[in-house]
Amino acid sequence: MSLQLWSNCRAATMQPAAARPYGLIDDAALVVDGEALAWVGASADLPADLLARCIKRHDAGGALVTPGLIDCHTHLVYGGDRAHEFELRLNGASYEDIARAGGGIASTVAATRAASAAALQAQSTRRLLPLLAEGVTTLEIKSGYGLALEHERKTLAVARALGQSHAVDIRNTFLGAHAVPPEFAGRTDAYVDALLQMLPVLHAEGLVDAVDAFCERIAFSPGQTERVFAAAQALGLPVKLHAEQLSDSGGAQLAARYGALSCDHLEWLSVEGAQAMAAAGTVAVLLPGAFYFLRDTRLPPVALLREQRVPIAISTDCNPGTSPCTSLLLMLNMACTLFRLTPEEALAGVTRNAAAALGLRDRGVLAAGLRADFVLWSVRQPAELSYAFGANPRLQTVFRGQIR
């Protein structure tokens, strides 16, 4: 197969040990071999024999090139919306008032169960396209709005179909332990029994890449979460956790014991939890959209994460109740303005650290041997991607070596 050359660009390689911030190379060249990068470096250093083999050549016009963006925590596939509840809350209704009236997660579960697979795919496609337009090349989608075998299967199958119909890599996460469905009200342990029967079936059908749970006082206890994790481990599936969003339940330590890929939210993370995550290599996924939408006041402990050298990822948390967001670039700005991340930390959070949060070692950095997923931007400095909220300077996306 002939090689492709991309030249006349600045490359933010996001190499973690690079001498310059962002791993920046001023006059860069990238050589693509099929779906992978064959060479990345300064144009002046490109070997002549490799250059001679580049039959197809692209002039990037001075664009900035970054790895393809990775949205590592979304609930993209669901039915309906919760705009009416948003209005009710702003007019004074409490969460409990809304829940008693059939709102909250229960309303999304009802809408998702009622929707056909075709309707879910159409609605989810409308949410997916803005993310692709911003340079997203890998996306995680969680289930958790079906909460019964047939409906969890339906949402996970729709997620798989989105990856087949669009130029994006979709990673499916089973989040059956998201909430207790109405038919199991007051019987949480019995529902855990039921979801532990769902998991091996869905895994055998090729619909599950990882397993998540919501460990919180309003959801599942550490003991119930551990049952889910043990079942995932028995199937060879990696785990993730919605942890310490509303209280410190020790979820981070539990997740770390199971070698979790990530713990997500983390506003109430303790020193002990951060230390456990650091020892396990677990990524912290911060979700500024939910923090903003809920008007939260407790910031995730970014200084603690830095001190313990826990990798930080950023994601949209796209979901109908707490972060109806389809802009990963906006999350870069929010991570900087709300959580005080640096622009370099934020960009690492949607590239190499987001890849680690999904257990993917073949992307998130521009380097030979890794996936040829990258984005061309009409900016000069990488910080501009975090700076101008509401802007989308994407010029082109290359996915698996091909212009999307």
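**Figure 1. Asp 26 and Arg 20 form a salt bridge.** Their closest N and O atoms are 2.8 Å apart. A salt bridge here is a side-chain nitrogen of Lys or Arg within 4 Å of a carboxyl oxygen of Asp or Glu. Side chains of opposite charge can pair when their charged atoms come close. Asp 26 is partly exposed, with a relative accessible area of 36%. Arg 20 is also partly exposed, at 39%. (Buried means under 20% relative accessible area, exposed over 50%, partly exposed in between, with a 1.4 Å probe and protein chains only.) This is a predicted model, in which local features need pLDDT of at least 70 and side-chain atom pairs count only at pLDDT 80 or more, while totals for chains, interfaces and linings use all residues. Residues are numbered from 1 along each chain as its sequence is written, and side-chain values use heavy atoms, leaving out hydrogens and water.

**Figure 2. Arg 400 forms a salt bridge with Glu 35.** The closest N and O atoms are 2.9 Å apart. This pair links distant parts of the chain, 365 residues apart. Arg 400 lies in the loop between strands S15 (394–399) and S16 (402–403). Glu 35 lies in the loop between strands S2 (24–33) and S3 (36–42). Helices (H or I, at least four residues) and strands (E, at least two) are DSSP runs, numbered from the N terminus. Arg 400 is partly exposed at 29%, and Glu 35 is partly exposed at 44%.

**Figure 3. Glu 85 and Arg 82 form a salt bridge.** Their closest N and O atoms are 2.9 Å apart. Both residues are buried. Elsewhere, Asp 169, Asp 362, Arg 363, Arg 371 and Asp 373 are linked in a network of salt bridges. The count of salt bridges comes to 16.

**Figure 4. Helix H13 spans residues 328–339.** From first C-alpha to last, H13 reaches 15 Å, close to the expected 16 Å. The expected span is 1.5 Å times one less than the number of residues. Of its 12 residues, 9 are buried, so H13 is largely enclosed by the rest of the structure. Among the buried residues are Leu 328, Met 331 and Phe 339. At the start of H13, a side-chain oxygen of Ser 327 comes to within 3.0 Å of the backbone nitrogen of Leu 330. Just after the helix, Arg 340 takes a positive phi of about 65 degrees.

**Figure 5. Ala 167 sits in the loop between helix H6 (149–165) and strand S8 (169–177).** Ala 167 is partly exposed, at 26% relative accessibility. Beyond its neighbours within four places in sequence, Ala 167 is in contact (heavy atoms within 4.5 Å) with Phe 399 and Arg 404.

Conventions. Polar contact = N/O pair within 3.5 Å; in protein donor to acceptor, adjacent residues only side chain to side chain.
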